[in-house]
Amino acid sequence: PCGWLASYIGSALTTEDDLLFRNLDGTGTVFHEVTPASGTLRTLVKVVEVSMSAGMIIETFEVECYVGEAHVYTLRTVFGFFPKSAFDNQVGLPVTPDARARLEREATETTNLATEPARYFGGAPRLAPGMLSMVDRLTAFELEGGLKGLGYARGVKDVDPAVWSFKAHFFQDPVQPGSLGLEALLQLLQAWMIDAGCADGIANARFEPIALDRPHTWKYRGQVVPKNHRVTVEIDITERGTDARGRYALAEGSLWVDGKRIYGAKSLGMRVIAGGAPPPTRTLAPAAEPHAERGDPDAGMARDIASFRSFWRASIGVGPWPIEDLYLALVERFLGKIVIADPVAFSRVHGRGCLYVANHQVALESLIFIVVSSAIAGTRTMALAKAEHQESWLGRLITRAIAYPGVVDPRLITFFDREDHASFARIAEEATRELAASTKSVLVHVEGTRALSCRTPVARLGASVIDMALAAGAPIVPIRFAGGLPVHGLVDRLDFPVGYGRQDLYFGAPIEPAELAKLPLKDRKDAVLAALNTLGPGDSDAPSPPDPAFAAQIDAWRSRTGCSPEAAVFHATLAGASAPESDGVRRLLEGARGGTLLVGETPADRWLGDFAQSLFGSADPTLRVQRG
């Protein structure tokens, strides 16, 4: 954001020379973790000082970041525009003879992290694997050494000119992002804490991304570029202890490149806390399953409904409202665990438009998937549905939702008529554009109709689905809904999981369009179908346990009110929701208990009255909406 603002205010227009943009130093504090499910990140940047000298432009910024109303990060930082000649003979940061001697000491031990040894990557907590790993080898560990006698560690990374970060940062000016240098120091601190036993006795231990609520500072006086050979990072532990959240360690750190010290950092903090890894995760499960342990693919960890709420609250922008409460209550009631088959691969498509191809068990799953996938993947999902569903309860609910005062239609479902080829082509073209621009992801139930048995494989996949992904350059992500149907086939298709149980949701590994393009046409379909049909339980799928008590609530409400089956489900779901936040739902439930909902003449009250009337039905004259 600082670079964008510096460009916007025209800093580089004061000279005809090419200038390079670099961060010099900063002090920042993280207050909350930001995950793929957090929602929209809002960043405010203020220029507080600009100075120009000797062909250089130095600018100071103040930065505040929010998710919804939550303040997640604060930063004061300095950037500069420099001529290329300024980087020819960088002196780096000051170095004492003792510091250089320590750097050049022989390794006290060497651990190859590139092989991802289980001690560091297989336990709890663990280091970031694969392309996210910033340290190749550990070359020193001292539990009581270092400048303060509290601990010391050193690690190295070989510079790879083909690494992804040089390709992404900057255009025609490849340089390692300074943040990755800080990440290398933090990973070295994490490795030291693992070796020091800082996680001992902490259940489902994990690291915070950086110690929350503790300011950290950095200074950059050099750069890592493709022609360099080796990066060395070292840390001195300056404080360690236990606070209300967990065990923490603070460190001072230095980053050296080819023997030159170019980064310095102070008060870098890391904390080990209880609770398992944050999203993206291998498995997420509802809070109703607290027994689940991290690492068990058939179990899961407590799911944070609040993170879904945060995403949609920021996305819709009307504050707490009844439809938000209803959608999240449906997620809470009917969704079991969420399993991401390959978290690392899935993290690479975060924020991109994805084409989700799915089986189809029950009508409700489309709505639940939209709510959950949008928040997890960071891009709103839109479902493509046949035109006849526009007049179903799902279509009517969507219509009711966008009629709420102040709501702009987010286009969660687009209905198409298969017989109207021109209309379908137009919708497909529009969806392809949104996929390509990553403004939307798209959900397609590839067979177009609901199955009657949970063990019915997907047999058909239209060529237009793959063509859409190829045209948009969008990854295909197989999606498996499981547990919503019986083994033996039904006569009629279901709107809700059989017996009002839960469905599990499986995200398969993304299939990039370049991978599909290499295959013959028939093999493309076969590859996607195979990925879809073998995902999750595959052909061993079984229905989830029913909820007879919830079913009895629905039957009792229908008998009393004469409302529709789906309205009875909505009422029972809202009545059992753990944390509805809108005043409308509170009033609606109080009206249902007391017999009368009093609504005024404001647009929001008129909307609430109409919604309540659908739930109250007309069979019980003592249950009514009173307008006044």
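In the predicted model, the buried residues of helix H17 (residues 583-594) include Gly 584, Val 585, Arg 587, Leu 588, Leu 589, Gly 591 and Ala 592. The elements covering these buried residues include helix H7 (322-334), helix H15 (548-561) and helix H16 (565-575), together with strand S21 (596-599) and helix H18 (603-616). The length of H17 agrees with expectation, because twelve residues at 1.5 Å a residue should span 16 Å and the end C-alpha atoms of H17 are 16 Å apart. Gly 595 follows H17 and has a positive phi, near 105 degrees.

Helix H18, one of the elements that cover H17, has its own set of buried residues: Asp 605, Trp 607, Leu 608, Gly 609, Phe 611, Ala 612, Leu 615 and Phe 616. Just after H18 comes Gly 617, with a positive phi of about 65 degrees.

Helix H7, also among the elements covering H17, packs against helix H6 (residues 305-316). Two packed helices are described by the angle between their axes and the distance between the axes. For H6 and H7 the angle is about 150 degrees and the axes are 11 Å apart. Because angles over 145 degrees count as roughly antiparallel, H6 is roughly antiparallel to H7. The crossing of H6 with H7 is right-handed. On the H6 side, Ile 305, Phe 308, Arg 309 and Arg 313 take part, and they meet Glu 324, Asp 325, Leu 328, Val 331 and Glu 332 of H7. This contact comprises four nonpolar, no polar and five charged residues.

Methods: Residues are numbered from 1 along each chain as its sequence is written. This is a predicted model: local features need pLDDT of at least 70, side-chain atom pairs count only at pLDDT 80 or more; totals for chains, interfaces and linings use all residues. Side-chain values use heavy atoms; hydrogens and water are left out. Helices (H or I, at least four residues) and strands (E, at least two) are DSSP runs, numbered from the N terminus. The expected span of a helix is 1.5 Å times one less than its number of residues. Buried means under 20% relative accessible area, exposed over 50%, partly exposed in between (1.4 Å probe, protein chains only). Contact means heavy atoms within 4.5 Å. Axes are lines fitted to C-alpha atoms, for helices over the stretch in contact, and angles run from 0 to 180 degrees between N-to-C directions. Angles under 35 degrees count as roughly parallel, over 145 as roughly antiparallel, 65 to 115 as roughly perpendicular and the rest as oblique. A crossing is left-handed if the near helix is turned anticlockwise from the far one by less than a right angle, and right-handed if clockwise. Ala, Val, Leu, Ile, Met, Phe, Trp, Tyr, Cys and Pro count as nonpolar, Asp, Glu, Lys and Arg as charged, and the others, Gly among them, as polar.
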